[in-house]
Amino acid sequence: MVRVDGNGNSSLICVRGLDKKYQRGSEEIHVLQGLNLDVEKGEFVAFMGPSGSGKTTLLNLLGGVDVPTRGRITVAGDEITHMSGSKLTNWRARHVGFVFQVFNLIPVLTAYQNVELPLLLTKLSKAERRKHVGTALAVVDLSDRVDHYPRQLSGGQEQRVAIARAIVSDPTFLLCDEPTGDLDRKSADQIMTLIERLVEEYGKTVLMVTHDPLVAKRAHTTLHLEKGALVEAATKEVGAS
Amino acid sequence: MRFLPFIFANLFRKKIRTVLTVGSFAVALFLFGLLFVVRGAFTGGVDIAGADRLVTINRTSIIQPLPLSYRDRLLKIRGVKQVTFANWFGGVYQDERNFFPQFAVDTDTMRQMFPEFRIADDQWQAFVADREGAFVGESTAKRFGWKIGDRIPIRGTFIPGVWEFNIRGIYHGTRPADDTTQFWFHWKYFDERKPFGKGFVGWYTIRIDNPDRAVEIVKAIDQEFVNSPWETKTDTEKAFAASWVKQFGNIQFLILTIGGVVFFTLLLVTGNTMAIAVRERIGELAVLKAIGYSDGFVLRLVLAESLMVAAVGGALGMSLAKLFTLAGDPTRGLLPFFYLPASAIAAGIVTALAVGIVAGMLPAISAMRLRVVDALRRV
Ligand SMILES: Nc1ncnc2c1ncn2[C@@H]1O[C@H](COP(=O)(O)OP(=O)(O)OP(=O)(O)O)[C@@H](O)[C@H]1O
Ligand SMILES: [Mg+2]
């Protein structure tokens, strides 16, 4: 279930009364205004909305890389809105998998090393890390590109490596900010099929921002960001439990 | 440790830039090493001077002699254990440029007075037995390719004539800084053959029984000869070496100034390089932070990179400096102490690392303070 009216309970992600203001000179921009959201495990949510409506802002807040002006975000029972910097960093490492539109991979590291990055923060041994990285790269179907550097990969392949990195530590949920924004139609379709599989086969929870209605259609639920709050646009009957 | 490959990968990102920065460190440290060697060449004598040895010269100047008869009077002074004496010969071998110190020494007492020189017994006996024998330090022997048994002509400069000597032995130092450029021959032979100034010595070297009493004994010695035609000036060997160094002006200050400028330049070059290195990967650093790397980690990552450059460049520079000194003194014997001690190498590496840390600090702090959201927006 995905709700935007603030009445859900016992959900994986629970957002209440979220406000975010930016100060630009003397002007104050009120991007998010009392936003509510409930997302349960295994959901696949797409956020849409015009440019500047605050989609990235929302994702950054959910991912704990930005702090709200007011309101609270609870993930799996942990309230992240009051966590200190270092606690929040640890929380991100354990719970969030990020996929950005660009800037995803470290160009001087191979696909393998890029995917391994989140695991270097854990206590896993080298052998265990190798196993996890292998699995993640197999899931995104790039087992044959392990030692390639980002510049030796296509845009779609790069994005798949980024997804492998996002899932390798088995986080609570994935945040994808326009993951197909830089890709052609065919690569975009492949990425979406992959994300769908993560949700359907592996039970991942995915929150994604997109401008592309065709991409949004793949999600269970599409939410629109309007005047700083979310409005439900479409819900598919499949998948959600 | 597990992040080492990552640090290396970052360094190899811009190979030319890394090579140039490492090169700057290497050049600076090479220079540092050479400055140290030059400083040591001037001050080395001070560091290795025997703590229990005094030198007595003529009060007027070192060029004026003292009578040999002072020897017995010196030995009577309380606290004086041993006395030896020598004269400076000031000759040249083949050519004016082939300068090295020759001393007429007292073969009876000189060896006990300077135990820092490693001398083979049989060679010493052969030397003592031969009136025209000479004992030479290994670096001078090497410089001119002399071997034991060679007959060497030395032309006097203020003492007339060409004097021929038989090399009977070659001595070594026990410490790297020991002077192995000297050439010794018999004082008796010198005294008999020279046409003037017979019965006079250049200076006395005195061993005392207690270094703590040096000041008292110095006073007693100079008091002994006061109001005589040859008044004396006595001081510790160290003080003599130090006053010799002072003749060359404030070398220490000069070297510190040059070194300071070099390291300051290095600091700016490296700081600038690290700042660029951080600026061009703001996006990557932001992604690292987003996926759970702490601010402190990012700080250490940048510092580690800077330190790595400093360590490699520093080690390279010091190795080059060491190799350079091993190849020998380029002035061919003018500098008795031409040597890069391990302590200088350590000091150089530590200084390089310090420059690495300071240079990397500002960029590292800006990387640490970087906020993920701002960085990702800066596309
Ligand atoms: N650090 C900031 N300082 C000032 N204003 C900001 C800041 N970050 C975002 N904004 C403003 O907040 C609004 C929402 O930005 P956000 O990036 O969330 O929009 P978006 O929906 O992701 O847009 P897009 O579709 O173009 O990515 C914009 O008007 C933006 O200019
Ligand atoms: Mg955006």
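1. Ligand 1 has 15 residues around it, with A:Arg24, A:Ser51, A:Thr56, A:Thr57 and B:Arg377 coming nearest (a residue counts if one of its heavy atoms lies within 4 Å). Residues from chains A and B surround ligand 1, so the two chains share this site.

2. A word on the basis: this is a predicted model, where local features need pLDDT of at least 70, side-chain atom pairs count only at pLDDT 80 or more, and totals for chains, interfaces and linings use all residues. Residues are numbered from 1 along each chain as its sequence is written, chains are lettered from A and ligands numbered from 1 in the order written, and side-chain values use heavy atoms, leaving out hydrogens and water.

3. Now the polar contacts (pairs of N or O atoms within 3.5 Å). A side-chain N or O atom of A:Thr57 sits 2.5 Å from an oxygen atom of ligand 1. For A:Lys55, a polar side-chain atom is 2.8 Å from a ligand 1 oxygen, while A:Gly52 uses a polar backbone atom, 2.9 Å from an oxygen of ligand 1.

4. On its own, ligand 1 exposes 630 Å², and the protein buries 76% of that (Shrake-Rupley areas, 1.4 Å probe).

5. Which elements of chain A give two or more residues to the shell around ligand 1? They are strand E2 (13-24), strand E3 (27-39) and helix H1 (55-62), as DSSP runs of at least four residues for helices and at least two for strands. H1(A) gives the most, with 3 residues.

Terms used: A polar contact is a pair of N or O atoms within 3.5 Å; within protein, one must be able to donate a hydrogen and the other to accept it, and residues adjacent in sequence count only if both atoms are side-chain atoms.
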